[in-house]
Amino acid sequence: MDSPFKSNHQLRRGLCCANVEKQQGRSPSVIVIGGGMAGIAAARALHDASFQVVLLESRERLGGRIHTDYSFGFPVDLGASWLHGVCKENPLAPLIGKLGLPLYRTSEDNSVLYDHDLESYALFDMDGNQVPQELVAKIGETFEVILEETNKVRDEFSEDMSILRALKIVFERKPELRLEGLSHKVLQWYLCRLEGWFAADADAISLKCWDQEVLLPGGHGLMVRGYQPVINTLAKGLDIRLGHRVTKIVRQHNEVKVTVENGKTLVADAAIVAVPLGVLKSKSIHFEPKLPDWKEAAISDIGVGIENKIILHFKNVFWPNVEFLGVVAETSYGCSYFLNLHKATGRPVLVYMPAGQLAKDIEKMSDEAAANFAFMQLKKILPDASSPIQYLVSRWGTDINTLGSYSYDAVGKPHDLYERLRVPVDNLFFAGEATSMLYTGSVHGAFSTGMMAAEDCRMRVLERYGELDLFQPVLGEDASVIPLQISRL
Ligand SMILES: Cc1cc2nc3c(=O)[nH]c(=O)nc-3n(C[C@H](O)[C@H](O)[C@H](O)COP(=O)(O)OP(=O)(O)OC[C@H]3O[C@@H](n4cnc5c(N)ncnc54)[C@H](O)[C@@H]3O)c2cc1C
């Protein structure tokens, strides 16, 4: 058994086992499991509060669903790339500001397209004809009216239903909102964008809860240099063990024993579990004693969706100078879109972003076939498109370190499941985007839950030994904000 900590707690408590290395000093100890934003934030905060912290990460890299790749010779994000809420209230704003990382704002507040404004789009049909901008704007307004009508459906029915079911009821009641021809296809494209936001199809998303998340003000900003510098900064100086996949967590007598795939066991006063919800669902980590039923129910009932990125690097730019290129089709499944990174970064790169069932289907393909699929979509709207010179393909749905892209509200399940997933069990604390009630599915949500778990853990461990006043709180640090650097070219 490997005990990484120099603490005399176990000796004082008479918990010393023969093969635990002798402990010196008095710092309380914590094992953080998972090196994504939540785990790193928690580890940083507790390290800074003088705890002995070891972070165990299954992959050979840090960042989790933040994954900036540099193989093109410049940074591109295969996972998160936007700061949702470009404002000083965003918990990540002080750090991003201090690092001087530039942001490219893709939308203001309250866009029907979430992270994009309407005027930054060019939509095309499958024959390569551009949809007139007035029609795109008009259907956007209709889509908003339709969503308002689904609110009425929500108020009338006590039972929850899917967004798709609610849309069907709206169309039955108000046939004038049912569109045809090109207008119908554009409407499907709006639905496709909504599905992309949740990484799930409309037949899986809860009507009751879909709009319960809190959107911070300030619109949405792309991290022009990628998210990785934020991770690297937070991780500086921490004791991080890469390639350490946790398989078992045992809680007993005010301590936690954590076993790694290679059989090694580490012991600490507490542990913070910051692995993705998809990993918890897969039951690849064995908890002893088993987690309470309410916690297991939260794990099984919160939805996990899939969104992927297929990043195409071209020799030259041959597409229109807009932020997004959209493909409209008969069904939302057939619709798709490309983010034009050239606008934000000056690089000739398009990012194809399938979500929901389409993302699942594409994950069954080889990387080459997936890149070709994305390119074929592009060819439909821009027949003269030249082939990419390089590509990258993410596989967030099948990667055993993630097993899903981010969480969403499933039909018939209460929104407070996120809080139930967060609530500690004994000396086990939980963090990660799926434990955030307010900012589910986001980087700043993951960061906040890491900080929260760290503070809960600090209080619990120190209260137990009456030493609360000896260590600094992890929250309440000086949040003096260096202004965010925002551009829109
Ligand atoms: C394609 C995509 C696009 C996104 N876009 C945005 C965006 O633009 N803006 C935004 O705010 N959010 C976005 N998100 C969501 C955001 O990336 C996540 O909410 C956030 O990064 C999650 O952080 P986390 O710490 O909760 O989990 P993760 O980052 O997944 O970290 C969990 C860590 O646990 C590790 N782990 C797993 N199993 C084990 C184990 N058994 N033992 C040890 N370690 C283990 C994993 O390897 C991982 O490093 C996007 C996500 C995806 C997939």
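This is a predicted model: local features need pLDDT of at least 70, side-chain atom pairs count only at pLDDT 80 or more; totals for chains, interfaces and linings use all residues.
1. **Ground rules.** Residues are numbered from 1 along each chain as its sequence is written.

2. **Overall make-up.** The protein chain has 14 helices and 23 strands; these are DSSP runs (H or I, at least four residues, for helices; E, at least two, for strands), numbered from the N terminus. Of its 489 residues, 48% count as buried. Buried here means 20 or more other C-beta atoms within 10 Å of a residue's own, exposed means 12 or fewer, and partly exposed is in between, with C-beta atoms placed from the backbone. Among contacts with a separation of 6 or more, 72% come from residues 24 or more positions apart. A contact needs two C-beta atoms, placed from the backbone, within 7 Å.

3. **Domains.** The assignment gives domain 1 (29-63 + 227-302 + 412-469) and domain 2 (113-212 + 307-393). Those bounds come from an automatic or database domain assignment. The C-alpha centres of domain 1 and domain 2 lie 34 Å apart.

4. **Ligand shell.** How many residues surround the ligand? The count is 41, and the closest are Gly-34, Gly-36, Gly-64, Gly-432 and Glu-433. The cut-off for being near is a C-beta atom, placed from the backbone, within 6 Å of the molecule. Helix H2 (37-48), strand S5 (82-84) and helix H14 (443-464) are the elements that give two or more residues to this shell. H2 gives the most, with three residues. Domain 1 and domain 2 each supply at least three residues to the shell.

5. By residue class, the shell around the ligand holds 17 nonpolar, 17 polar and seven charged residues. For the bookkeeping, Ala, Val, Leu, Ile, Met, Phe, Trp, Tyr, Cys and Pro are nonpolar, Asp, Glu, Lys and Arg are charged, and the others, Gly among them, are polar.

6. **Nonpolar core.** The largest nonpolar core has 138 residues, of which Val-30, Ile-31, Ile-33, Ala-42 and Ile-272 touch the most other members. This core draws at least three residues from each of domain 1 and domain 2. A core of this kind is a set of buried Ala, Val, Leu, Ile, Met, Phe, Trp, Tyr and Cys residues joined through C-beta atoms within 7 Å. In soluble globular proteins, nonpolar side chains tend to be buried together. Leaving out residues up to four places away in sequence, Val-30 touches Leu-46, Phe-51, Val-53, Ala-268, Asp-269, Ala-270, Ala-271, Ile-272 and Cys-457.

7. Tyr-352 sits in strand S19 (residues 349-352). Is Tyr-352 buried or exposed? Tyr-352 is buried, because 25 other C-beta atoms lie within 10 Å. Beyond four places in sequence, Tyr-352 is in contact with Ile-310, Leu-312, Ser-336, Phe-338, Ala-374 and Gln-377.

8. **Leu-191.** You'll find Leu-191 in helix H6 (residues 181-198). Leu-191 counts as buried because it has 20 C-beta neighbours inside 10 Å. Setting aside neighbours within four places in sequence, its contacts are Ala-202 and Ser-332. Leu-191 and Arg-460 are 269 residues apart along the chain, and their C-alpha atoms are separated by 45 Å.

9. **Backbone points to look at.** Most residues other than glycine have a negative phi, and most peptide bonds are trans. The peptide bond from Glu-288 to Pro-289 is cis, with omega near -10°, and Pro-289 is in the loop between strand S14 (286-288) and helix H9 (293-301). Ser-50 has a positive phi, near 70°, in the loop between H2 and strand S2 (52-56); Ser-50 counts as partly exposed, with 14 C-beta neighbours inside 10 Å. Ala-199 also has a positive phi, about 60°, and is found in the loop between H6 and strand S8 (220-223). Ala-199 is buried, with 27 other C-beta atoms within 10 Å.
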